[in-house]
Amino acid sequence: LCSLLLVLSLGLAQLTQYPTVLYDEVLYADTAYTFMNSGKLNNVLGGHSGKQFFLYPALLSLVFEYASPTLAAARSLSLIIGALTLVLVILIAKRLYSNPLYVAAIGLCYASSNIAFMIHRLARPEALMCLCLAFGLYCWIAYVQDSKPQWLIGTGCGLSLACLTHPIAILFYLSLGMAHFFTAKFKVRDFLYAILGHVPVLVLLGYFVLLWSEKNLIELYHYLVAAYQDESAGTTLERITDNLRRFGIGYSLGLKRLILVLIEGTAIGWGCCVYKRDKLSFCLSLTAILFLSLGFIGFHPYLRPYY
């Protein structure tokens with residue numbers, strides 16, 4: 001409860017004044033406003049801004065239609081999504097730890113995180129992505145702990161919906177899938193339950209291709225490749241080297257945040273060392289390693305919020 005109140009109180013304080021309006025916020029709002037009026041995922045100002053990863057502007061268009069097309073309404077949506085995400089983070093913590101102090105500490109850490117604070121007060125899709133990922137992760141942890149394949153419906157639904165919000169979610173989707181495949185026995189029944197969770201996404205994609213998008217599937221594929229493939233990034237080794245440099249500058253901040261990087265790295269390393277005793281922790285740590293590795297190789301630049 002304290003964590004939830006902290007998120008709401010911090011989020012509501014000067015919601016439209018701090019930070020100042022970011023350029024991307026205008027682009028996503030433009031896409032949402034155009035979708036509200038025309039039913040097409042397009043915008044006037046240009047840029048990608050939800051024309052391909054469309055779940056956020058589609059949701060934001062509903063807020064604009066039933067509330068008002070204002071900065072306050074758009075940022076309030078992110079704040080509400082942030083509160084829901086915090087609830088899921090606390091539920092995940094309760095799944096992992098029986099000690100209520102641990103659960104409270106995790107909730108407060110998330111609520112006071114500077115990155116989470118910014119994500120959940122900006123009119124951008126990362127807030128919705130975090131909500132979908134948290135829901136999918138909670139269902140996956142419940143599946144592992146309870147051995148009930150029905151939980152995989154929620155896992156498939158949450159993770160696949162996240163992939164419609166931002167391309168970085170695709171890396172998490174692939175990373176958790178590979179980590180689970182490496183650590184669990186393949187079962188056809190469980191796989192079918194996971195596929196069933198993708199049905200809502202397939203329906204949305206159908207609407208997107210047939211009604212909302214102005215491009216057909218082949219054009220859309222080439223458009224996405226061109227949009228997220230930085231040809232100026234050089235070879236794979238040059239991508240990785242530059243991303244590591246950006247990590248030191250943008251995330252570690254030189255030596256200023258080095259202690260936090262060491263704590264996070266130690267936690268991931270510990271999880272990798274407990275395969276026989278705690279396969280859940282091992283799988284989560286392996287997911288983190290795969291996520292970073294795929295990101296360093298496939299994305300350029302690999303930006304600070306992705307961590």
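Author: Val 201 is placed in helix H11, where helices are DSSP runs (H or I, at least four residues) numbered from the N terminus. The model is predicted, so local features need pLDDT of at least 70 and side-chain atom pairs count only at pLDDT 80 or more, while totals for chains, interfaces and linings use all residues. Residues are numbered from 1 along each chain as its sequence is written, and side-chain values use heavy atoms, with hydrogens and water left out.

Val 201 counts as buried because its relative accessibility is 6% (buried is under 20% relative accessible area, exposed over 50%, partly exposed in between, with a 1.4 Å probe and protein chains only). Setting aside residues up to four places away in sequence, Val 201 touches Ser 160, Leu 161 and Leu 164, contact being heavy atoms within 4.5 Å.

H11 itself runs over residues 199-212, and its 14 residues reach 18 Å from the first C-alpha to the last, close to the 20 Å expected at 1.5 Å a residue (1.5 Å times one less than the number of residues). Within H11, Val 201 is buried along with Phe 208 and Trp 212. These three lie on the same side of H11 because they cover an arc of only 65 degrees around the axis, taken from the directions from the helix axis to the C-beta atoms. On the other side of H11, Leu 202 and Leu 210 are exposed.

Methods: Helix = DSSP H or I, 4+ residues; strand = E, 2+ residues; numbered from the N terminus.
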